[in-house]
Amino acid sequence: MTILRSYLEGRWMAGEGKPRTIEDATTGSAFATVASDGLDRGAALRYARDVGGPALRAMTFAERGAILKKLAEEIHTHRDELLILSRQGGTTRGDGKFDVDGAAGTISYYAYLGKKLGDVVVLADGEPENVLRSKRFVGQHLLVPRRGVAIHINAFNFPAWGMAEKAAVAILAGVPVISKPGTATAPLAVRIVELWVESGALPEGAFSLLAGSAGDLLDHVGPQDCVAFTGSSGTGLAIRSHAQVLATGARVNVEADSLNASVLAPDVELDSDTFGMFLGDVARDMTQKAGQKCTAVRRIVVPADKVDGVAEALIDRISGAIVGDPAQRGITVGPVASRAQKRDVEAGCSQLAETANLVWRGEAPEGDGFFVAPALYLTDAGVEAAYVHEHEVFGPVATLVTYDGSSDEAIAIVAAGGGGLVASVYTDDAAWGGQVMLGIAPWSGRIYWGSRKVADQGSGPGTVLPNFVHGGPGKAGGGEELGGERGLRFYQQRVAVQADRALLKRSLEGLL
Ligand code: NAP
């Protein structure tokens, strides 16, 4: 059995203590173990700060981009091996590609951005502005890499992409990384790091991996560190309220639970292309990665007079999904990633059933694997359907929520989720769509507007692209990642420098 090791202080090391068993999601059998007592997390952070930080900061954006290019190539070269390994967490080949190719694609995007930013080490934010009335004495905002470590604590659902999307941005910004994968699917993340280390592409100390528990990692956080977390709101709260994090003022970014809504407008006929787009997107989100996507549609907001037709069409579509062993041909939905996850989904469904009616449930194999039957619920309680708006059931499960067709009620239902990563709206009515778009904007990190003329062009609301921001207000954690160059800001210090225009210009020659 594989024993997962950590890569800290520039070497691979195994932890001590009682090991945690990582199971194969399809069979429920032990796949790997990981122990993480005794690992000196404080020393690991110091090493990253003292060795990795200076190495990365000595490079230009273009040079750091070139490192990222090699990291993406490593994933690409070993794609087949990684796709097979990703089955441990229950993914079908298609789901595995979404994770592994998504990782390589996102790193490549940031590699390209590094090349575009070029041979500079400092970025300007805006143009110099006069200080009071003086034309000589000016102020200029600059962006410089922080001198800490990017501490990345990731969720289990995207072991490749989750690690890669955070790492790419931090490394391009010039900040060394310590990445802690979600333990349930850590084998894939560990293998990718092995490939990265073997490739020799990374400067010493630029990337570390902590396999297993976070332990006392946050007790060693310093004032220049940046903690980026993805996972449940409960853990997000524990991280942001951690005494050392609060005492040092370390930066924190949280991506947490999100009850993403998809709104069908009253103008959309059920035989239209716009409806076809809506149906395809909702069905994909319910079944892809067995519904374990932070961006998946959980609440399907539909005009009351259309709900019967929508439910019929949706059930017809998702009935084609076959749950089973992801290694077998024809299987479109794998198991959820872990025993705990299966338990959570089943408990969530029981709670949902108290608020909403079960209108359809698919089939799932019996056995030791973590299979969950997809399910569709329906409520006409609108904003009052409390549990539907409060709890994210992280599996192949969604709820139809009826509304009266007004933009006001659609907005209120989306807002009842308390803030989400992405909301989608499907309409060809510019006025109605515009009202809803602006009404839900304060509650959303991203809005995906589906309509007839783009019906065959979108990637669906569930796909996170590196050039658009990923994150959301309120319940979704209040964080923001990616978004092209915007993502770098979390790892940079913005400083306003007020100085003699000529002196300042000369001091920055060759750097900016
Ligand atoms: P989680 O239990 O919050 O774990 C997330 C990460 O935090 C894991 O790496 C976990 O380590 C680590 N962790 C747990 N307790 C910690 C602590 N006290 N200090 C520091 N790190 C800690 O979330 P999950 O199990 O991955 O997912 C559970 C739920 O999160 C899902 O059901 C879903 O609702 C939500 N989720 C949201 C997103 C999003 O992007 N919005 C993505 C995925 C999941 P271990 O794995 O070792 O426990």
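Keep in mind as you go that the model is predicted.

Let's begin with the overall setting. If you look for the ligand, you will find it in the largest pocket. Two elements each give two or more residues to the shell around the ligand, namely the strand β11 (226-230) and the helix α7 (233-240). Stepping back to the level of domains, both domain 1 (2-256 + 478-507) and domain 2 (260-467) give residues to this shell, so the ligand lies between them.

Now move in to the shell itself. The ligand is surrounded by 26 residues, and the closest are T183, S232, T235, A256 and E392.

An N or O atom in the side chain of T235 is 2.7 Å from an oxygen atom of the ligand. E392 also brings a polar side-chain atom to 2.7 Å from a ligand oxygen. For D257, the distance from a polar side-chain atom to an oxygen atom of the ligand is 3.3 Å. How much of the ligand's exposed area does the protein bury? On its own the ligand exposes 890 Å², and 79% of that is buried by the protein.

Note on methods:
Residues are numbered from 1 along each chain as its sequence is written. This is a predicted model: local features need pLDDT of at least 70, side-chain atom pairs count only at pLDDT 80 or more; totals for chains, interfaces and linings use all residues. Side-chain values use heavy atoms; hydrogens and water are left out. A residue is near a molecule or strand if one of its heavy atoms lies within 4 Å of it. A polar contact is a pair of N or O atoms within 3.5 Å; within protein, one must be able to donate a hydrogen and the other to accept it, and residues adjacent in sequence count only if both atoms are side-chain atoms. Accessible areas come from the Shrake-Rupley method with a 1.4 Å probe; for residues, only the protein chains shown count as cover. On a 1 Å grid over the protein atoms alone, a cavity is a set of points where a 1.4 Å probe fits but cannot get out, and a pocket is an open set with protein on both sides within 12 Å along at least five of seven lines; lining residues have an atom within 4 Å of a point. A molecule sits in a cavity or pocket if more than half of its atoms lie within 2 Å of its grid points. Helices (H or I, at least four residues) and strands (E, at least two) are DSSP runs, numbered from the N terminus. Domain bounds come from an automatic or database domain assignment.
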